[in-house]
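Here are my notes on this one, written for someone opening it without any background. Have the model up beside you and go through the points in order.

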Amino acid sequence: MEKHPIENIMSTTLENIRDMIDVNTVVGEPIAAADGSTVIPISRVSFGFVAGGGEYGKAAVRPEEGRGEHPFAGGTGAGVTVQPLGFLVTSAETTRMLPAQCFQPLDRAVEMLPQVIADIRKAIGK
């Protein structure tokens, strides 16, 4: 059975989306810092996809097939959003997440609490 034209349009669009988005879009390439730590960019990827079409107009008679066929019109659309979330910073001692966007002060304090506790322990230990 022959594929409907909308299937070809949808397949082409989805293949193009697949080519644009891979795992390196979400988790970026690691970057080695001068202090020996590694920085890994982390992003959120969202995408939407729509396709539609229909057969319009008067039927065109195809004598070789013995039946009438309506002309097809269709289209697709897609949108991709890449939003940076932050950076995963790993070193020999710790791993932490540095956010890319500003949080409310309370959120920031809760996020910084493990680092502050670690710094206090180091200071007391010396």
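**Notes on the fold**

1. To start with the parts list, the protein chain has 3 helices and 6 strands. Helices here are DSSP runs of H or I with at least four residues, strands are runs of E with at least two, and both are numbered from the N terminus. Going along the sequence, the pattern reads α-α-β-β-β-β-β-β-α.

2. A word on what you are looking at: this is a predicted model, where local features need pLDDT of at least 70 and side-chain atom pairs count only at pLDDT 80 or more, while totals for chains, interfaces and linings use all residues. Residues are numbered from 1 along each chain as its sequence is written, and side-chain values use heavy atoms, with hydrogens and water left out.

3. How much of the chain is buried? Of the 126 residues, 10% count as buried. The cut-offs are under 20% relative accessible area for buried, over 50% for exposed, and partly exposed in between, using a 1.4 Å probe and protein chains only. The accessible surface comes to about 9,600 Å², and 59% of that belongs to carbon and sulfur atoms. Those areas come from the Shrake-Rupley method with a 1.4 Å probe; for residues, only the protein chains shown count as cover.

4. Now the contacts, meaning heavy atoms within 4.5 Å. Taking those between residues at least 6 apart in sequence, 50% join residues at least 24 apart.

5. Two strands pair if DSSP finds at least two bridges between them.

6. Next, go through the pairs. S1 and S2 run antiparallel and are joined by 2 bridges, with Ile31 having Val39 in S2 as its bridge partner. These two strands make a hairpin with 5 residues between them, and Gly36 in the turn has a positive phi of about 95°.

7. S2 and S5 pair antiparallel over 18 bridges. You can follow this pairing at Glu55, which stands opposite Phe72 in S5, and at Phe49, whose bridge partner in S5 is Ala78.

8. Gly86 stands opposite Pro99 in S6, and Leu88 stands opposite Met97 in S6.

9. Stay with Leu88 for a moment. This residue sits in strand S5 (residues 72-90) and counts as partly exposed because its relative accessibility is 27%. Leaving aside neighbours within four places in sequence, Leu88 is in contact with Thr38, Val39, Ile40, Ile42, Thr95, Arg96 and Met97. Leu88 and Ile42 are 46 residues apart in sequence, yet 7.0 Å apart in space, C-alpha to C-alpha.

10. Phe87 is also in strand S5, and with a relative accessible area of 37% Phe87 is partly exposed. Beyond neighbours within four places in sequence, the contacts of Phe87 include Val39, Pro41, Arg96 and Leu98.

11. Past its neighbours within four places in sequence, Ser43 is in contact with Thr25, Val26, Val82, Gln83, Pro84 and Leu85.

12. Last, the helix on the sheet. Met20 is found in helix H1 (residues 5-20) and counts as exposed, because its relative accessibility is 52%.
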